[in-house]
Amino acid sequence: MKQSLVNLLPPATLAAIWAFWGLAPAAWVEAPLTIIIVGLVTLAFVQAMELLFERHQGWRINGRELATDIFYVAFGYGVIGFLSDTLVNSPLAALKADLGIATPWLADSPFIVQVLVVMLVFELGQYWMHRAMHNWHPLWLTHAPHHHITQLNAMKGFIGNPIELFLISLGVIALLDVDLNALFAAITAGGAIATYAHANVRADPPIWYGFLFTTIRNHSLHHTALSYEDTRCNYGNAVILWDRIFGTYREGESEIVGQDDRRRLSIKEQWLFPFRGWLGRRAAR
Ligand SMILES: [Zn+2]
Ligand SMILES: [Zn+2]
């Protein structure tokens with residue numbers, strides 16, 4: 001396939017996801033499995049694109065990476081999703097009802113406006129949480145395992161310490177009045193962008209896409225192994241526009257990703273990472 005067509009893969013995927021939710025019958029939108037299927041099909045599609053249009057040979061998926069990635073996707077959907085719904089989204093929805101918080105102007109807006117507002121609001125929270133993780137050591141200890149990954153692949157956005165995964169899932173979009181299909185279109189589109197932003201796919205999308213949304217170029221720079229200091233840019237998980245507005249945008253990309261000595265961490269090391277200073281001191285005693 002011609003490179004210019006490969007470059008259109010991320011925007012074409014976004015368009016397909018938005019079209020699906022915009023046109024899906026209400027029964028499909030309301031069926032609890034639909035959003036999960038859209039998310040998983042997107043992941044599988046982008047993972048397959050890695051096999052066809054590889055970006056870096058050093059990032060090529062193998063059995064061990066794939067098994068770890070699938071474990072984290074299952075953990076993300078099963079555990080993290082459940083926790084953020086139960087502990088945050090449901091209480092927020094109850095609070096919204098109690099306090100009479102309403103955004104009727106949003107519910108009356110066209111589908112695509114609702115989608116973009118939800119994406120921008122959710123990603124604004126993500127941006128500041130992620131930036132805080134790179135600026136405050138206790139939070140960095142939860143986020144560092146995500147930066148210790150030594151190659152980028154479609155599912156790598158799911159990889160991290162469980163505390164970080166929970167914190168980065170938090171948002172206030174439960175306070176907004178939006179149509180369910182617009183909410184799901186925003187969530188799955190954000191997921192697709194973040195998937196491409198971690199994927200070993202040779203797609204460099206058009207300028208307008210990279211102006212608004214995070215690309216593999218800019219996110220690979222965020223994962224650079226050069227130094228910790230060099231990772232402190234391009235915080236947007238899916239929306240890079242916030243980096244441009246708040247002055248943390250940096251142009252460029254990095255093929256060599258990881259942290260410190262670039263050693264790949266096991267799942268156990270990723271989970272114990274925030275406590276390793278304490279565990280080390282205890283072992284020394
Ligand atoms: Zn980061
Ligand atoms: Zn990342």
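This is a predicted model: local features need pLDDT of at least 70, side-chain atom pairs count only at pLDDT 80 or more; totals for chains, interfaces and linings use all residues.
## An irregular zinc site

Around the zinc ion (ligand 2), the 4 donor atoms subtend angles of 86 to 163 degrees, so the arrangement is irregular. Residues are numbered from 1 along each chain as its sequence is written, chains are lettered from A and ligands numbered from 1 in the order in which they are written, and side-chain values use heavy atoms, with hydrogens and water left out.

Which residues hold this ion? The protein donors of the zinc ion (ligand 2) are His146, His198, His219 and His223, each through NE2 and lying 2.1 Å from it. Donors here are N, O and S atoms within 2.8 Å of the metal (3.2 Å for Na, K and Ca); water is not among the atoms, so sites may look incomplete. Along the chain these donors follow the spacing H-x51-H-x20-H-x3-H. Histidine 198 lies in the loop between α10 (180-197) and α11 (207-212), and histidine 219 in helix α12 (residues 216-222), so the pair ties together parts that are 21 residues apart in sequence. Helices (H or I, at least four residues) and strands (E, at least two) are DSSP runs, numbered from the N terminus.

## The other zinc ion

The zinc ion (ligand 1) has His130, His134, His143, His147 and His222 as its protein donors, through their NE2 atoms at 2.0 to 2.2 Å. Their spacing in sequence is H-x3-H-x8-H-x3-H-x74-H. Histidine 130 in helix α7 and histidine 143 in helix α8, 13 residues apart, link distant parts of the chain.

## Where α7 meets α8

Helix α7 (residues 111-133) and helix α8 (residues 137-147) have axes that come within 8 Å and cross at roughly 100 degrees. Axes are lines fitted to C-alpha atoms, for helices over the stretch in contact, and angles run from 0 to 180 degrees between N-to-C directions. The two helices are therefore roughly perpendicular; angles under 35 degrees count as roughly parallel, over 145 as roughly antiparallel, 65 to 115 as roughly perpendicular and the rest as oblique.

In contact (heavy atoms within 4.5 Å), His130, Ala132 and Met133 of α7 meet Leu139, Trp140, Thr142, His143 and His147 of α8.

## Helix α2 and its partners

Helix α2 (residues 9-23) packs with helix α4 (residues 32-52) at about 160 degrees, their axes 12 Å apart. α2 and α4 are therefore roughly antiparallel. Residues of this contact include Phe20 and Trp21 of α2 and Phe45 and Met49 of α4.

With α7, the axis of α2 comes within 11 Å, crossing at roughly 120 degrees, and the pair is therefore oblique. Here Trp18, Trp21 and Gly22 of α2 touch Phe111, Ile112, Val115, Leu116 and Met119 of α7.

How values were computed: Four donors count as tetrahedral if all angles lie between 85 and 135 degrees; four count as square planar and six as octahedral if opposite donors are over 155 degrees apart and all others between 65 and 115; anything else is irregular.
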